[in-house]
Amino acid sequence: MRAAHIFPEYRGHMEYACLGCGSRYGIDELHYTCPSCGGVFLLEDTRFEELEQTDGQTWRDRFDLRAATKNQALRGIFRFYELMAPVMDEADIVFLGEGNTPVIRSSPALEAAAGQPLAFKNDGQNPSASFKDRGMACAFSYLRHLVRRHGWKDVLTICASTGDTSAAAALYAAYVGEPLKSVVLLPQGKVTAQQLSQPLGSGARVLEIPGVFDDCMKVVEYLADHYRVALLNSKNAWRILGQESYAFEVAQWYDWDMGGKAVFVPIGNAGNITAVMSGFLKLLRLGVISRLPRLFGVQSAHADPVYRYYAAPEKERRYEAVTVRPSVAQAAMIGNPVSFPRVAHLAGRYEAQGGDFRVVRVSEQGIIEAMLLANRHGHIACTQGGECLAGLLEARAQGLMEKDELAILDATAHALKFAGFQDMYFRNVFPADYEIVPDPARANTPGLVLDQEAKSALDAGEFTEQAAQRVVEMLGLSRK
């Protein structure tokens, strides 16, 4: 076994493969949609068969050995180098600490409440506090590769976002620096203050557009089609490659045994669930895993085009975009996911290889209350993590879960990014179109011990004694 710190010698041959017309293009230029038919791409390594000459156990040993490396290029998602974007040199790779996020088994109390063994993979512990860093690490490494190869002097990166994509794109652009510059387009008034602060703090040019994410996406797609910009949404196939690392890490955490496990992923723009399917399929093809986990995509009833497609009888399925309504799972508030063609393509392959792919729909009430349930049992789940827990509860209610099957839930971002929605629930101030009616028993607000007027009338000693006595009364404390 070669030392873990040595950068891999293998180089693949990557091509853009159009899912619409089958056309293929080289990777020396930026492509987002097929010039021939407008279809979306997957990136394929045409030399992947060479990797199959190495047995599964050798791959497992190699990846496990790299997990302890101090080589910065291999410390994060690129420890799975051969499976993702094996065209870049070591100097191309951008590493900000992404990947290796923890899988946390839930407490017995939460498992009892859910009626199912479960764990959260906390992707909010990535550098910009969301899973988007996985894709950005790969996309920006590729941009570095192109800049070095072509000697480009000025590259404008651009993305549409509901918050997390813009935060990640701005962070990685700030780290790489010249010749990259970052611009992000956000739906006006529909990004939390915490998420808005991130691209602003990283120095990106932030532009707001009235409407929702889909409106922003149409603008950046137009710009990418007509102007020289580097689009960083999940239409960028390099993003998908980086996000495959989520599947690789889940499999590695469970010692490459995916039997008896179900993975829950919020759909949103459908890039992450695309990547997870693709990642597990690669591991199966190389014999790194012997079977696929069951996979559940989750959508809010306020943005559910993929659910509607799969809920229809197979012969009657027809994909149609939907008009979104407000959602606490803001990253999921997308009515026309750009990666849906990838989902349809890979889901067919997934099921052909013995996998089980399903989509469940949950309510906004279910999402916010599942987030609160998770966090009150020691997790740091965002609203999308709440969406996954709500999806598990819905799957159980429909009888879709197997007894003792372990559910692995994707908490895509850090809970603090969505603290405003928690506050809205506790104070019962949700607008009617969210369709959320808070349960007063779940509220948790600060209790005032003594007001400022009372404090002003007391000296320091009296204040301490009276404040302490008031705390005793509020908590029902007993003397020693």
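The structure is a predicted model, in which local features require pLDDT of at least 70 and side-chain atom pairs count only at pLDDT 80 or more, whereas totals for chains, interfaces and linings use all residues. Residues are numbered from 1 along each chain as its sequence is written, and side-chain values use heavy atoms, with hydrogens and water left out.

Helices (H or I, at least four residues) and strands (E, at least two) are DSSP runs numbered from the N terminus. Strand 6 (residues 155-160) is largely enclosed by the rest of the structure, because five of its six residues are buried, that is, under 20% relative accessible area with a 1.4 Å probe and protein chains only. Strands are taken to pair if DSSP finds at least two bridges between them. Strand 6 pairs with strand 7 (residues 180-187) in the parallel sense over six bridges, and Val-155 has Leu-180 of strand 7 as its bridge partner.

In helix 2 (residues 56-66), the buried residues are Gly-56, Trp-59, Arg-60, Phe-63 and Arg-66. These residues lie on the same side of helix 2, because they cover an arc of only 135 degrees around the axis, taken from the directions from the helix axis to the C-beta atoms. The buried residues of helix 2 pack against helix 1 (48-51), helix 3 (72-75) and helix 10 (245-253), contact being defined as heavy atoms within 4.5 Å.

Technical notes: Buried means under 20% relative accessible area, exposed over 50%, partly exposed in between (1.4 Å probe, protein chains only).
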